[in-house]
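Please look over the model below before reading on.

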Amino acid sequence: MTQENRNFRAGFVALIGRPNVGKSTIMNHILGTKLSIVSPKPQTTRMRILGVKHDKDAQIIFLDTPGVQKGKDLLTKVVMESAVGSMEEADVIVLIIEADKGWTKEDEQILENYIKKLNKPTILVINKIDKMKDKRMLLPLIEESAKKYDFKEIIPMSAIKGENIDRFVETLKQYLPPSPPLFPEDQITDLPLRFYLAEIIREKIFQNTRQELPYSAAVEVESIQEGEKNKNLVIINATIYVEKENHKGIIIGKKGQMLKKIGQQAREELQQILGKKVHLNLWVKVKPRWKEDIRLLKMLGYQY
Ligand code: GDP
Ligand code: MG
Ligand code: K
């Protein structure tokens with residue numbers, strides 16, 4: 001074993017925080033790819049997405065969790081279980097709060113109900129410092145945070161501007177156990193391609209529709225096939241499930257305009273990801289209470 005190998009570290013990091021604090025943005029910035037979908041609406045992330053950062057001296061495996069949330073339906077329960085599971089699996093927990101909002105009641109609850117109970121090395125990230133009107137408020141917020149818990153480090157950050165991300169990565173490495181790499185170097189996620197592509201399509205629905213609709217939409221990629229004659233072509237068939245008839249109307253839009261726009265945007269991005277020409281066939285189906293359907297949830301990848 002060389003000196004370099006002996007110093008290598010590898011382990012799991014859970015990014016925890018209420019919806020919209022910037023978990024996906026942080027992970028994507030670190031990985032340099034758009035692995036986790038980002039949107040201005042809360043709860044865009046439903047699945048546990050594993051992203052692997054490969055460095056010379058370490059391998060950091062991120063668990064990008066859905067925001068810790070409340071709700072009675074089965075979907076919420078499954079989502080919560082995966083967030084808790086991530087924390088239990090992790091070597092290091094990262095709690096993220098927002099600089100401009102300070103400690104909210106929900107942040108406090110996550111700290112009390114999960115983090116204090118798990119008692120693992122925890123780093124606090126104070127994200128979105130670019131949104132702070134008065135930068136002098138940062139120091140008091142750091143002091144307030146230090147009193148709440150024995151955080152290993154408190155790191156102010158602007159994920160969107162990339163500020164302090166490098167310092168964050170270096171800090172994380174210090175808390176990972178010595179270990180050989182756990183994943184091959186060319187692998188950046190364990191998320192099956194089918195689910196990843198479905199997430200891209202779902203992101204386009206989010207970005208184009210408003211109000212309560214996106215939360216009731218799910219996407220299933222049914223098949224990914226190579227063109228019979230043209231090997232540079234990929235044919236993707238996907239179904240968008242919604243809970244209500246009027247939601248179907250919104251997604252399809254006047255004269256099918258909305259569905260066309262969603263399809264076009266998704267197709268362009270899928271082509272980039274796959275490096276091939278894509279034919280995307282999208283259907284919209286009404287499935288009342290799909291969030292309660294265990295079989296469908298499994299099919300959509302919400303349960304492992
Ligand atoms: P998640 O729900 O915790 O995964 O949050 P996302 O990563 O999806 O981010 C939610 C929203 O916050 C998106 O609109 C991001 O662009 C935005 N955001 C994330 N980080 C920052 C930041 O450092 N500064 C600002 N101004 N916005 C951010
Ligand atoms: Mg997210
Ligand atoms: K979000």
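A nonpolar core is a set of buried Ala, Val, Leu, Ile, Met, Phe, Trp, Tyr and Cys residues joined through C-beta atoms within 7 Å. Buried means that 20 or more other C-beta atoms lie within 10 Å of the residue's own; exposed means 12 or fewer, and partly exposed lies in between, with C-beta atoms placed from the backbone. This is a predicted model: local features need pLDDT of at least 70 and side-chain atom pairs count only at pLDDT 80 or more, while totals for chains, interfaces and linings use all residues. Residues are numbered from 1 along each chain as its sequence is written, and chains are lettered from A and ligands numbered from 1 in the order in which they are written.

The largest nonpolar core contains 38 residues, and V13, A14, L15, I16, V94 and L95 have the most contacts inside it. Elements giving two or more residues to this core include β1 (9–16), β3 (58–64) and β4 (92–98); helices (H or I, at least four residues) and strands (E, at least two) are DSSP runs, numbered from the N terminus. β4 gives the most, six residues. Another core, of 23 residues, lies apart from it and has I201 and I236 among its members.

In α7, the buried residues include L197, I201 and I205. The buried residues of α7 pack against β7 (218–226), β8 (233–242), α8 (245–252) and α9 (257–274).

Helix α9 holds Q271. Q271 counts as partly exposed because it has 14 C-beta neighbours inside 10 Å. Its C-alpha atom is 8.7 Å from that of V234, 37 residues away along the chain.

Notes:
Two residues are in contact if their C-beta atoms, placed from the backbone, lie within 7 Å.
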